[in-house]
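User: I'm new to reading protein structures, and I'd like a close look at one part of this one. Could you walk me through its charged side chains and the pieces of the chain around them?

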Amino acid sequence: MSLKVFTVKQFGENRWLTRARFPVDKLLAIEQLNQRLGGAATGIQRAYEYWQQRKRGARVEADSYELEPSNDVATSLIDVTPESPLQYRFTSTQFKIVRWMADRRLDEFPHRDIVNACSAEYLSCKAAAEPVGHHISHDLDGFRRDYLRLLLPLTDPMGRVSALVCVSRHLESPALAGSSPATPAG
């Protein structure tokens, strides 16, 4: 499947959100530029290569993919077996800001703008069964992030997409509003 670049922008009082979807080869080209500057492969590049090495046919079984910690990316595993994407569950997350989401459903995230966008993006990746890249920037009442994200589909033994690996590399350090509900204490 050949994805076109697709950008969504939303604006409101004290909030804005920009999300660009693009083919994984475009994301890898961006990461290659970063690698040239930094000298080492990025976490996104390493995750994609790891996924590629485990492909059997056009699929990667969830049992053959292990989340690897990395200093330059945040990685999460999302269970996408429920019919409704709002019920997709974060089974593991290695990102401090949303670590509290481990074992919670997507609809439990406190920012509805993010929930709605992610539910559509996760469902789309699940349906296409192909990796996809995103550039996401937002400021939601002081909860600011600017990052690149790679979604990698994983399948069950029957070949159905059952999980997504979400690998994110922040372009700027996330900024947290004083007591943003997206970052509860603990």
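Arginine 15 is partly exposed, with a relative accessible area of 23%. Keep in mind as we go that this is a predicted model.

Which side chains does arginine 15 meet in salt bridges? One is aspartate 113, at 2.6 Å from N to O. This pair links distant parts of the chain, since arginine 15 is in strand 2 (residues 15-22) and aspartate 113 is in helix 3, 98 residues apart. Aspartate 113 is partly exposed, because its relative accessibility of 23% falls between the 20% and 50% cut-offs.

The other is aspartate 141, whose closest N and O atoms with arginine 15 are 2.6 Å apart. Aspartate 141 sits in the loop between strand 6 (132-140) and strand 7, so its bridge to arginine 15 in strand 2 ties together parts that are 126 residues apart in sequence. Aspartate 141 is also partly exposed, at 42% relative accessible area.

Now for a bridge elsewhere: arginine 160 and aspartate 156 join their side chains at 2.9 Å, N to O. Arginine 160 is exposed, with a relative accessible area of 52%, whereas aspartate 156 is buried at 16%. Back at arginine 15, bridges that share partners join Arg15, Asp113 and Asp141 into one network. A search of the whole structure finds 10 salt bridges.

Helix 3 has 17 residues and reaches 24 Å from its first C-alpha to its last, close to the 24 Å expected at 1.5 Å a residue. Its buried residues include Ile114, Ala117, Cys118 and Glu121.

Take alanine 117 in helix 3 (residues 112-128). Alanine 117 counts as buried because its relative accessible area is 16%, under the 20% cut-off. Alanine 117 and leucine 17 are 100 residues apart in sequence, yet their C-alpha atoms are 9.8 Å apart in space.

Arginine 145, in strand 7 (residues 143-155), is buried yet has no salt bridge. The nearest side chain of opposite charge is glutamate 121, 9.1 Å away. What does the side chain of arginine 145 make a polar contact with? The contact is with the side chain of tyrosine 147, at 3.3 Å.

Conventions. Residues numbered from 1 in each chain as written. Predicted model: local features only at pLDDT ≥ 70, side-chain atom pairs only at ≥ 80, totals over all residues. Heavy atoms only, no water. Helix = DSSP H or I, 4+ residues; strand = E, 2+ residues; numbered from the N terminus. Buried < 20%, exposed > 50% of the residue type's maximum accessible area, 1.4 Å probe, protein only. Lys, Arg positive; Asp, Glu negative; His and termini not counted. Salt bridge = Lys/Arg side-chain N within 4 Å of Asp/Glu carboxyl O. Polar contact = N/O pair within 3.5 Å; in protein donor to acceptor, adjacent residues only side chain to side chain. Expected span 1.5 Å × (residues − 1).
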